[in-house]
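Subject: Structure handover

Hello,

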Amino acid sequence: MTSADRDHAALSRRRMLAGGGATILGASAVTAIGVAVAKPHASPPIAGGTDWIDVRDHGAQGDGVTDDTQAIKSAIAAAANGGVVTFGVNKTYRIRGRIDMPVGLVGYQGNGSTLNCAEVPDTDRYAIRFVPSPAPAADPNMFTERWTYSYWCEGLRIVGPSDNGRDTARALDGIFIGRPPEVDEGNVAGMSFYNVVVRGFRDNWTIADQSWLLAFYHCYSSNAWRRAYHFESIVNAGENYNFHGGVIHGNAIGVHANVEGNSDINFFGVSFDYNELHMQLESGITTLTGCHLEDRNTSPMITVLSTGGKEPAKLDLVSCVVAGTETSAGGRRSFVTVSGDRSVVRVHGGAWPRYDRPDSELVTVPPGAGRPLVSVEHVDPVIKENAAPRISGVTSLVHNGGFEDGLTGWTLSASGSAGSHAVDTSVRRSGNASLRIAKSAAGNYGFWRDVPVTPGGRLLVRGYIRAQALNAGGGFRVDWLDFGGVEVAAREDAVGGTVSGTTDWIQRSATLAVPVGAARARVWAWTIASSGSMWFDDIEAWNL
């Protein structure tokens, strides 16, 4: 160990003790060359009397040649009752066996050092495991105060056998967080990771059972030949996984939420770059806010599936930039695909460049993929094609617009002895049904349902109509209402024009300006004819 390294470690220890153990590092940190650098966080407090345990004091060399596995394990054991394990500044430690890092009583200060785990055998399954600390027998109250909620890990670079490529013949995963099968009790909760780099494993991170309230700040995960982050938590876990900044780059799959996990995963300002698939979501709720998604292939960036797990997957993209830059002349057909009757995708705000495919879709429901709910609102398409994103195949704000569920959600309004109605399974444009209205006398006759709108925005309404011997007009109408149901502006009487006479299926559509004060649009399928019949099908609406 050099004298400079010793001085750095001693300085850190003296500062911590001078503060009564209240903080380890404040809002700024002193680097190896003595320059104060602003940090985005203050490191969490540690209990009074807690000391720093330097791995070099336990024999670790950090020269990239010596096997430092046992020395690091020794330092961790020395900190088991409360301490911070610290590594030398910008050192490389050769690791040849799995290392368990207990949390709850122990923090880890990496100082920019690397743990080279390429030689950890595949039979160990993971290179590093963050596991519950054993509760000291003399103080059972530690279970609730110090054992359950842990410290942090900061400034470590953990590399696997494929740091500069993908060794798909290996079966070694990187970091495991949670309670391993051989441990009877305990959890990993409240753990924070700052500036941790993980590269070159089969799965870089595995978020497992008995883990929750985890936070990742400016972490980097790349070169995983299977998954960068694998959320496999099933039992008593899945609450609040939060990512702030950082990069997920060059992996086969960036994020995988498995079918039974039902996790809450939130990404804020994270960059997803050049993964073969950014996300595969099979359960839980995943939110991306202010994120950037980009790659150079023609496959979907995100798949949202309902595969029979605890809860169908739900994805929320808020104010994100979704970019293409495809190298293939064919371009990208779809950016997000969603399937399953209860899956949900909501895209609100942000920018969406279509690049090489004018017919590409931001969100696609493949044929036979069930009836997921999809909402696309306030997306800025003026990047290259200068046209609104295509939304064909996407479930609209008008639920049951194809009358597949009968008249569920629709309300009848008729005046006089106007006529009759039925859900018609023999005449339909698509699916299994349509709405038929037969008129026998003059008077308004129709069905309506409300959809949410944004004042000052735009609402696209469209649907299909068929007529037989209809002696007067019929079609789609929109009323503008406030939250109390009071009309706030003149209605749109004929969206896209009315239909009369005898016709095959005709589309009627219009993009409407939402008036100030409107909170809801009441969408009608109606007619004022006194004789004849008309059918309505595939009624849709979107906020643009």
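Predicted model: local features only at pLDDT ≥ 70, side-chain atom pairs only at ≥ 80, totals over all residues.

Thr206

Thr206 is part of strand β15, which spans residues 203-207. The relative accessibility of Thr206 is 0%, so Thr206 counts as buried. Leaving aside residues up to four places away in sequence, Thr206 is in contact with Tyr126, Ile175, Phe176, Ile177, His230 and Glu232.

Strands β29, β31 and β33

Strand β31 (residues 344-351) pairs with two strands that I looked at. With strand β29 (residues 314-322), β31 pairs in the parallel sense, over seven bridges. Here Gly350 in β31 stands opposite Cys320. With strand β33 (residues 373-377), β31 also pairs in the parallel sense, this time over five bridges. Arg346 has Ser375 in β33 as its bridge partner.

Cavities

How many cavities of 30 Å³ or more does a search of the whole structure find? There are two. The second largest cavity holds about 40 Å³ of space. Its lining includes Phe216, Tyr217, Phe243, His244, Val247 and Ile248. Strands β17 (214-217), β20 (241-244) and β21 (247-249) each contribute at least two residues to the lining of this second largest cavity. By type, the lining of the second largest cavity has eight nonpolar residues, four polar ones and no charged ones.

Regards

Note on methods: Residues numbered from 1 in each chain as written. Heavy atoms only, no water. Helix = DSSP H or I, 4+ residues; strand = E, 2+ residues; numbered from the N terminus. Buried < 20%, exposed > 50% of the residue type's maximum accessible area, 1.4 Å probe, protein only. Contact = heavy atoms within 4.5 Å. Pairing = 2+ DSSP bridges. 1 Å grid on protein atoms, 1.4 Å probe; cavity = no way out; pocket = protein on both sides within 12 Å on 5 of 7 lines; lining within 4 Å. Points joined across faces, edges and corners; volume = space filled by probe spheres on them. Nonpolar A, V, L, I, M, F, W, Y, C, P; charged D, E, K, R; others polar.
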